[in-house]
Amino acid sequence: MEQWMRSVLLSLAKNRAANRWAKRYGLRLGARRFVAGETIDEAIRAVAQLNRQGMAATLDHLGEFVGDEREARQAADACVTALTAIHQAQVDSTLSVKLTQLGLDIDRELCLENMRRILGHARDLGIRVTIDMEDHPRCQATLDLFDILRAEYDNVGTVIQAYLYRSLDDVLRLAADGVHLRIVKGAYKEPPEVAYPEKADVDANYIKLMEAQLLSPGFTAVATHDERIIEHAKRFIAEHGVARDRYEFQMLYGIRTQLQQQLVREGYPLRLYVPYGNDWYGYFMRRLAERPANVWFVLRGALR
Ligand code: FDA
């Protein structure tokens, strides 16, 4: 049942009509639990509050799968505005971006141009940028652009998904160059030809990727809410003496807040992924799919 519901929710995540409705009507259906607000000012206030609680942030201006050049350029403008706002407010935050928001599906050169604008501004302000990983048909294109950009900018990192069979090879190739990687389980609906269908296999692969990256000269973001993996990471980091400036834990805004506070109390570096903006629908549906029990909270809220 849970597997079926997950699959339905992930299919709905790409529904264009629902996405248009969501943009028009603002944060609804309990999305506020996962999204910091619709404007950059609201997002900066949320980041400042997290900073006061000892957590760093990475801001994400929501949006994906853009098919229009003007919209892709406007998304790049929003990223530049976010970087300036981070700098002006002097908050502890990086930026996360999705390449399909910046034109990957339209024209690779447009996407590169937008990314160079963002990375150049970020470098001037001393801010890091992480390229999120989207669904598997975009994985190779994302890594190709990442390779081009990391040769030009030292403030860019990307994400590797443990559910993809290819990921260990990707980590081993990138690890040798000491890159900045965030390891996640993976949030999209993928076929068994490219991704492990069983959660146990994804979890086991996550551990392999995380260990390989932690032993490399690069930086590792251990991005998960899975307590078993977090405990494993803590032990591994202690046993191998991984320096504090070579790793951090990462979680999503609004998910497992007690676990977040516990990590901070224990003295571990923690960064929260803080999304904002009006294009919240796809992100929100993926959060529901990760834990279908969330759907009942949404329905209860809607009926109240
Ligand atoms: P898992 O799904 O096994 O969850 C472990 C426990 O966490 C659950 O038992 C539950 O208690 C809790 N939990 C997890 N999700 C929850 C939810 N939505 N609501 C309530 N509780 C929940 N993915 C991707 O494909 N590309 C990307 O670029 C990113 N980027 C990214 C950044 C950061 C900072 C994080 C933390 C995650 C991502 N992800 C991502 C999402 C990732 O792939 C994955 O879908 C989620 O993190 C959920 O998986 P967990 O590792 O938490 O494990």
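Guide: Arg 287 counts as buried, because 23 C-beta neighbours sit inside 10 Å of it and 20 or more is enough for that label. Bear in mind that this is a predicted model. Arg 287 lies in helix α11, and, leaving out residues up to four places away in sequence, it touches Phe 34 and Asn 294.

Now for Arg 286, which lies in helix α11 too. With 18 C-beta neighbours inside 10 Å, Arg 286 counts as partly exposed, because that label covers counts between the cut-offs of 12 or fewer for exposed and 20 or more for buried. Again not counting residues up to four places away in sequence, Arg 286 touches Leu 10, Ala 13 and Ala 187.

Of the 24 residues around the ligand, Asp 132, Val 184, Ala 187, Thr 224 and His 225 come nearest. The elements giving two or more residues to that shell are β4 (156-161), β5 (180-184), β7 (247-252) and, back to our helix, α11 (281-290). Strand β7 gives the most, with three residues.

And what is the shell made of?

Key: Residues numbered from 1 in each chain as written. Predicted model: local features only at pLDDT ≥ 70, side-chain atom pairs only at ≥ 80, totals over all residues. Near = placed C-beta within 6 Å. Helix = DSSP H or I, 4+ residues; strand = E, 2+ residues; numbered from the N terminus. Contact = placed C-beta atoms within 7 Å.
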